[in-house]
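Please consider the following structure with its sequence at hand.

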Amino acid sequence: MSRYSVFSLLRHAATGNRGWQRAWRAASPKASYDVVIIGGGGHGLATAFYLAENHGVRNVAVLEKGYIGGGNVGRNTTVIRSNYLLDGNTQFYEFSMKLWEGMSAALNFNVMFSQRGQLVTAHSADQLDTFTHRANVMRSNGIDAEILDRDSVRKLVPYLDFSDTARFPIHGAIFQGRAGTARHDAVAWGYARAASGHGVDIIEGCEVTDFVRQGDRIVGVETTRGRIGAGRVGLAVAGHTSVLAQKAGLELPIESHLLQAFVTEPVKPLVDHVVAYGADHFYLSQSDKGGLVFGGNLDGYNSYSQRGNTGVLREVCEAAIALMPNISRLRLLRHWGGIMDMTPDASPIISLTPVDGLYLNGGWCYGGFKATPASGWCFAEMLATGETPALVRGYGLGRFRSGHMIDEAGAGPFAWLQ
Amino acid sequence: MLRIDCPCCGVRDHSEFRYGGDATAERPAHDNPDLDAWYHYVYVRANPKGLHREFWQHVLGCRQWLVVERDTVTHSIHSVSFSRRRRA
């Protein structure tokens with residue numbers, strides 16, 4: 001596979017752009033692979049890439065039931081940050097941030113990673129205290145964090161509501177300068193291309209319908225394109241984790257819930273950072289095309305339908321206007337929904353399972369996009385070695401039994417409250 | 001927007017209700033010392049793609065807890081009933 005460079009750009013420009021190859025091979029399934037990864041989203045593709053790149057395991061297939069970029073990797077709001085408080089999360093997401101910083105170079109694909117900075121507004125003295133605690137934890141882990149007072153926030157983002165009539169007056173904010181956004185499709189395409197370049201078969205339109213067992217061990221999968229044998233099977237599907245796990249006889253602490261995202265009509269550059277509203281669950285950023293991208297709460301009841309309801313639409317717009325009254329006349333262009341694997345503690349599961357031959361990467365709740373590279377890195381190590389990497393020891397399935405949960409949202413075992 | 005036919009109040013938007021989760025999880029007896037039973041009750045969910053029995057409370061209406069049978073793919077509601085059990 002030829003490398004992208006300024007010279008390849010010039011060469012193709014001079015020859016009428018007729019020589020570009022497709023970004024990844026259209027592979028047909030072989031009879032068997034060393035590793036089969038179910039799910040061609042960001043996490044599955046990253047896993048395949050790091051299996052080949054870090055561990056030399058190249059006889060790998062990624063099975064995607066739809067097309068690359070059609071699932072949650074194309075349905076998120078592209079925010080990347082590592083401002084976590086709890087042990088296990090803090091280190092993992094910072095490792096992910098470091099991989100983001102080198103991703104375009106590592107993949108030879110511009111993922112348009114933009115470290116524009118993220119701030120979360122605080123709306124009381126107490127909230128600013130808890131943010132200060134978080135900032136201290138981050139800094140003690142070598143992560144950049146700043147606490148801003150009201151005047152500094154005003155200087156940075158003057159378009160927020162600083163008036164006397166603000167619904168929840170802004171007291172300050174926590175700011176992470178290295179946070180930002182990336183082009184989510186490019187992440188999928190970049191990993192797919194780089195993995196394919198290492199010999200990984202990326203098979204689109206191939207839905208896994210069942211598992212093949214030999215005794216107690218899983219030795220392959222049944223798919224809509226026939227039976228595929230596998231030395232090890234990695235499950236990396238967002239939304240349908242429990243549906244597939246159930247076919248393997250595995251019960252999980254997961255509920256599937258719908259999360260919507262929204263984008264306005266494009267406007268001139270207005271929002272330079274990612275801004276999150278501390279008084280509600282709401283955040284926004286501006287895409288390179290000019291649209292303001294919003295995210296908010298879950299719809300909050302079990303759902304496998306990738307479409308939302310208007311109640312959440314209204315709540316999100318209320319929060320948007322409470323934070324930024326000057327966008328009240330903007331029209332919403334689109335909104336869409338993705339299905340989230342919600343776990344009881346809002347932390348993911350990267351784990352060995354009681355089912356021999358089956359490895360699990362799921363339960364990303366609504367935070368999976370920023371974790372893409374670290375999740376792939378660690379899951380690849382798990383699939384290559386059969387051991388749990390140190391970085392994800394906190395994300396094991398056993399934590400719910402032992403009580404070692406990482407409950408970042410502090411919402412207890414009720415998935416719909418996360 | 002889901003429309004839930006409350007047996008007390010009639011058909012209302014689901015924004016009047018609070019979701020209460022899986023109604024099929026069976027709470028172990030109060031003095032049950034079996035850790036596994038409690039683990040399953042608190043954490044493990046069948047999470048079906050299809051018909052789901054779930055609790056909703058009509059917080060902005062009669063405040064009754066209801067059991068709603070709903071399809072998690074199509075959102076069509078098959079039945080609504082009171083969650084309280086009649087005493088024999």
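**The interface between chains A and B**

In this predicted model, A:Glu255 and B:Arg45 form a salt bridge through their side chains, with a nitrogen-to-oxygen distance of 3.5 Å. Between chain A and chain B the count of such bridges is two. The side of chain A that touches chain B draws at least two residues from each of several elements: helix 8 (241-247), strand 12 (255-264), strand 15 (292-302), helix 9 (310-323) and helix 11 (399-402). Sorted by class, that side of chain A comprises eleven nonpolar, twelve polar and four charged residues.

The extent of the interface may be considered next. The size of an interface is often expressed as the accessible area that is lost when the parts come together. For chain A and chain B, the buried area is about 2300 Å², and carbon and sulfur atoms contribute 52% of it. In terms of residues, 27 of chain A are in contact with 24 of chain B. Polar contacts link 13 residue pairs between chain A and chain B, with both residues at pLDDT 80 or more.

Is B:Asn47 buried or exposed? Its relative accessibility is 2%, and because residues under 20% are classed as buried, B:Asn47 counts as buried. The residues of chain A that B:Asn47 touches are A:Ser242, A:Ile254, A:Glu255, A:Ser256, A:Asn302 and A:Tyr304. With A:Ser256, the side chain of B:Asn47 makes a side-chain polar contact of 2.9 Å. A polar atom of the B:Asn47 side chain also lies 3.5 Å from the backbone oxygen of A:Ile254.

**Helix 5 of chain A**

Attention now turns to a helix within chain A. Helix 5 of chain A covers residues 125-140, a run of 16 residues. At 1.5 Å a residue, the helix should span 22 Å, and the 23 Å between its end C-alpha atoms therefore agrees with expectation.

Which residues of helix 5 of chain A are buried? They are A:Gln127, A:Leu128, A:Phe131, A:Arg134, A:Ala135, A:Val137 and A:Met138. An α-helix has 3.6 residues a turn, so residues three or four places apart point the same way. The cover over the buried residues of helix 5 of chain A includes strand 4 (118-122), strand 5 (146-149) and strand 6 (172-176) of chain A. After helix 5 of chain A comes A:Gly142, which has a positive phi, near 75°.

Technical notes: Residues are numbered from 1 along each chain as its sequence is written. Chains are lettered from A and ligands numbered from 1 in the order in which they are written. This is a predicted model: local features need pLDDT of at least 70, side-chain atom pairs count only at pLDDT 80 or more; totals for chains, interfaces and linings use all residues. Side-chain values use heavy atoms; hydrogens and water are left out. Contact means heavy atoms within 4.5 Å. Buried area is the accessible area (1.4 Å probe) that two parts lose on being put together, summed over both. A salt bridge is a side-chain nitrogen of Lys or Arg within 4 Å of a carboxyl oxygen of Asp or Glu. A polar contact is a pair of N or O atoms within 3.5 Å; within protein, one must be able to donate a hydrogen and the other to accept it, and residues adjacent in sequence count only if both atoms are side-chain atoms. Helices (H or I, at least four residues) and strands (E, at least two) are DSSP runs, numbered from the N terminus. Ala, Val, Leu, Ile, Met, Phe, Trp, Tyr, Cys and Pro count as nonpolar, Asp, Glu, Lys and Arg as charged, and the others, Gly among them, as polar. The expected span of a helix is 1.5 Å times one less than its number of residues. Buried means under 20% relative accessible area, exposed over 50%, partly exposed in between (1.4 Å probe, protein chains only).
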